[in-house]
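Please walk through this model with me. Keep the sequence and the 3D view open side by side.

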Amino acid sequence: MRKLLFLTGAVVFVDTLFFAALTPLLPHYAQSLGLGKAGAGVLSAAYPAGAFLGAIPSGLVAGRLGVKPTTIVGLTLVGICTILFGLADQAWQLDLARFAQGLASAFSWTGAIGWLVAAAPPGRRGQLIGNAFAMAVAGALFGPVVGGIASVAGISWTFSVIGLASFGLVVWAALTPGATGEESQSPLHLVRALGDPRILVAGWFVLLPALLFGVVGVLAPLRLAELGFGAVAIGLVFLCSAALEAGNNVLLGRASDSYGPLLPIFAGLVASTVVATLLPWPDNRFVLAALVVAAGLSFGTFFTPGMTLLSNLAEERGLHFGYASALINIAWAPGQTIGAAAGGALAYATRDAVPYLALAGICALTLLALWRSHDGLST
């Protein structure tokens, strides 16, 4: 179990490392290619858009061929797309490379998380998912560092070297024994699960934080750059944010097993409402940096309990582990895509406060709705 946890952690670490590496480079691309907030939002949204497109196909492949082959295919394609991103020098090339990278990551993520869930004892599932997601957050932690290094050492060189190194994970996954007890399952099981109201509500607790992260991932780096932070400083801000989020997710996994996933979700909704309300106002770069760190901690409080709740409900339905993992991508990817693209476009057309305050209102309404109906979700 421990070896598989390390492998799963390494896979999601690499996925989020490449995803988050764009953050400190976003102001550079926005200025050098004339993207503006809307174009920067499209570039940021390209990765989760690809992940959304790959969510259902990756689940189908995992359900038919198994979680191990799905992981290997995804890892191989992620490495190739990362190298291509580093070599791209035009806006459409960057968008396409990020989109393909996200599509590939859907396969590696679905396979790896499905692999872990298949082997996890039900009583420890939240803890193991929390530990794996802490590694994903660690990838998000070091991603901005990689982006900062690339801004100094060269983008093409940095991404090519790291992309080539990531192929070592393909070998590691190939040498690891596959999941036991896997049986092929009809795609109709996944389709029916998407019609289950409890599955849809649980998915919302993965989609909502993705919306929040999508908006802050576009607007915060651009605003920090306006206030005088360079790529390295922006990377350090998101490094601190992700460090706290990683530690928090280990605790959240244990809390989800001990007290159920709904209690941490309540806490995340309260904190996110407050932080999203405050984010648009600071004119001081250090105050804004502190709020960005608080945002990572608050928004990240949803993910582990949301994923645990979704996995538990999927198990109740007898859903294949690969399909259960695909549900997470189906929920996360559109949230991140809409948050980045629509958040950037809305801020460009109006001001940053509009998307931030809209999301604060959504968090408050979700908190109210959950308070009234939480008994129906307990599992």
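This is a predicted model: local features need pLDDT of at least 70, side-chain atom pairs count only at pLDDT 80 or more; totals for chains, interfaces and linings use all residues.

Residues are numbered from 1 along each chain as its sequence is written, and side-chain values use heavy atoms, with hydrogens and water left out.

Start with the cavities. Rolling a probe the size of a water molecule over the atoms shows where empty space is left. Here a cavity is a set of points, on a 1 Å grid over the protein atoms alone, where a 1.4 Å probe fits but cannot get out. Grid points are joined across faces, edges and corners, and a volume is the space filled by probe spheres set on the points. The structure holds two cavities of 30 Å³ or more. Ala, Val, Leu, Ile, Met, Phe, Trp, Tyr, Cys and Pro count as nonpolar, Asp, Glu, Lys and Arg as charged, and the others, Gly among them, as polar.

Now turn to two helices. Helices are DSSP runs (H or I, at least four residues), numbered from the N terminus. Helix α4 spans residues 67-87 and helix α7 spans residues 155-165. They pack at about 170 degrees, with their axes 7 Å apart. Axes are lines fitted to C-alpha atoms over the stretch in contact, and angles run from 0 to 180 degrees between N-to-C directions. α4 and α7 are therefore roughly antiparallel, a term for angles over 145 degrees. Which residues of α4 and α7 meet? From α4 come G79, T82, I83, F85, G86 and L87; from α7 come I155, S156, F159, S160, G163 and L164. This contact divides into six nonpolar, six polar and no charged residues.

Stay on G79 in α4. Is G79 buried or exposed? Its relative accessibility is 0%, so G79 counts as buried. Buried means under 20% relative accessible area, exposed over 50%, and partly exposed in between (1.4 Å probe, protein chains only). Beyond neighbours within four places in sequence, G79 is in contact (heavy atoms within 4.5 Å) with G163, S166 and F167.

Next comes T110, in helix α5 (residues 91-119). T110 is buried too, at 0% relative accessibility. Leaving aside neighbours within four places in sequence, T110 is in contact with S58, G59, A62, G322, S325, A326 and N329.

A132 belongs to helix α6 (residues 125-153). A132 is buried, with a relative accessible area of 1%. Setting aside neighbours within four places in sequence, A132 is in contact with L5, T8, V12 and L116. A132 and I113 are 19 residues apart in sequence, and their C-alpha atoms are 8.2 Å apart.

End on C240, in helix α11 (residues 231-259). C240 is partly exposed, with a relative accessible area of 44%. C240 and A289 are 49 residues apart in sequence and 9.6 Å apart in space, C-alpha to C-alpha.

How values were computed: On a 1 Å grid over the protein atoms alone, a cavity is a set of points where a 1.4 Å probe fits but cannot get out, and a pocket is an open set with protein on both sides within 12 Å along at least five of seven lines; lining residues have an atom within 4 Å of a point. Angles under 35 degrees count as roughly parallel, over 145 as roughly antiparallel, 65 to 115 as roughly perpendicular and the rest as oblique.
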